[in-house]
Amino acid sequence: MIRIDKYLCATVGVTRREAAIILRNKRVTVDGEIIKSGAVKIDEMALVLYDGASLSLSGPRYFMMNKPLDYVCSQEDPSHPTVFNLFDELGVDKLHIAGRLDVDTTGLLLVTDDGQWSHRVTSPKQRCGKKYSVALALPVTDEVIGLFEEGIQLKSEKDKTLPAKIEILDERHLYLTLYEGKYHQVKRMFASIGNKVVELHRDAIGTLLLDPRLAPGEYRPLRESEIALFNAKK
Ligand code: URA
């Protein structure tokens, strides 16, 4: 158990005096109850909200977002809103994206402040598949399955792309699973065979699926079991 004012000092970085004022102004709830006195002791695992944003003593944070169209995956951008603008959390500047998506791509985005974890999500060595729904301008034939499985030599890349999996839905729609994340990779792979991606959406990273309850622009914390999918293998 820990005093709520100490908890606020540790998580928000305020002084005891400031914590007392924050509490007096009824800005903090613990498991749904407004707490006004700094002396109240709370469980370290309690759900503590400060102005509606959750706090955590235990360090790293992990979220999934359904990235909307026309948002960029960087902390700042001169011409587009960024996905970080959609996070109602403290210390958003400490978060980063594990596997960015283009401005015109939608779907599963993982956001964290744990660099080692995001490295395991994105490193090709981990063989963690990223599954995309792809809509194309021109029809494809089954031939593309073999081509992408063999690897494509993209311009200004040293190596061919790693073997990718394709599941054709109809002649202009398919699922593509990649095991790496080169710049604009999906679009460049289809461009290299004379086609054009017109819609791109990420459905899954490894076995983690985008939560269908998240509307575009919404996010939620990952569950322990979801975080553990990308923990180091022992
Ligand atoms: N490949 C692309 O071309 N764009 C993305 O956003 C993701 C993968």
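This is a predicted model: local features need pLDDT of at least 70, side-chain atom pairs count only at pLDDT 80 or more; totals for chains, interfaces and linings use all residues.
The side chains of Asp104 and Lys187 form a salt bridge, with N and O 2.7 Å apart. Asp104 sits in the loop between β8 and β9 while Lys187 belongs to helix α5, so the pair ties together parts of the chain that are 83 residues apart in sequence. Asp104 is partly exposed, its relative accessible area being 39%. Lys187, at 22% relative accessibility, also counts as partly exposed; the limit for buried is under 20%.

As a general point, side chains of opposite charge can pair when their charged atoms come close.

**Salt bridges and a network**

The structure holds 15 salt bridges. Another of them joins Arg223 to Glu226, where the closest N and O atoms are 3.3 Å apart. Is each partner of this pair buried or exposed, or in between? Arg223 is partly exposed, with a relative accessible area of 41%. Glu226, in contrast, counts as buried because its relative accessibility is 9%, and the limit for buried is under 20%.

| Pair | N to O distance |
|---|---|
| Asp104 and Lys187 | 2.7 Å |
| Arg223 and Glu226 | 3.3 Å |

**The chain as a whole**

The protein chain has 6 helices and 15 strands. Its C-alpha trace spans about 70 × 40 × 30 Å along the principal axes. Of the 234 residues in the chain, 43% are buried.

**Helix α2**

Helix α2 covers residues 16-24, and its buried residues are Ala19, Ile22 and Leu23. Viewed down the helix axis, these buried residues fall within an arc of 95 degrees, so they line one face of α2. What does the face turned away from the buried side carry? That face of α2 carries the exposed residues Arg17 and Arg24.

**Asp31 and Asp51**

Two aspartates have a backbone angle that deserves a look. Asp31 has a positive phi of about 45 degrees, although it is not a glycine. Asp51 likewise is not a glycine and has a positive phi, of about 50 degrees. Where do these residues lie in the chain? Asp31 is in the loop between β2 (28-30) and β3 (33-34), and Asp51 is in the loop between β5 (48-50) and β6 (53-55).

Asp31 counts as exposed because its relative accessible area is 56%, and the cut-off for exposed is over 50%. Asp51, at 45% relative accessibility, counts as partly exposed.

Asp31 also takes part in a feature of the surface. Together with Glu33, Asp43 and Glu44, Asp31 makes up a patch of negative charge there. Members of such a patch have over 30% relative accessible area and no salt bridge.

**Two contacts between strand residues and other parts of the sequence**

Ile42 is found in strand β4 (residues 41-42). Ile42 is buried, with a relative accessible area of 3%. The C-alpha atoms of Ile42 and Tyr7 are separated by 8.6 Å, and the two residues are 35 residues apart along the chain.

Val198 lies in strand β13, which runs over residues 197-205. In space, Val198 and Leu136 are 5.3 Å apart, C-alpha to C-alpha, while in sequence they are 62 residues apart. Is Val198 buried, exposed or partly exposed? At 48% relative accessibility, Val198 counts as partly exposed, since the exposed class starts over 50%.

Technical notes: Residues are numbered from 1 along each chain as its sequence is written. Side-chain values use heavy atoms; hydrogens and water are left out. Patches are made of residues with over 30% relative accessible area and no salt bridge: like charges are joined within 9 Å, nonpolar side chains (Val, Leu, Ile, Met, Phe, Trp, Tyr) within 5 Å. Accessible areas come from the Shrake-Rupley method with a 1.4 Å probe; for residues, only the protein chains shown count as cover. A salt bridge is a side-chain nitrogen of Lys or Arg within 4 Å of a carboxyl oxygen of Asp or Glu. Lys and Arg count as positive and Asp and Glu as negative; His and the chain ends are not counted. The place of a charge is taken as NZ of Lys, CZ of Arg, CG of Asp or CD of Glu. Helices (H or I, at least four residues) and strands (E, at least two) are DSSP runs, numbered from the N terminus. Buried means under 20% relative accessible area, exposed over 50%, partly exposed in between (1.4 Å probe, protein chains only). The arc is that of the directions from the helix axis to the C-beta atoms.
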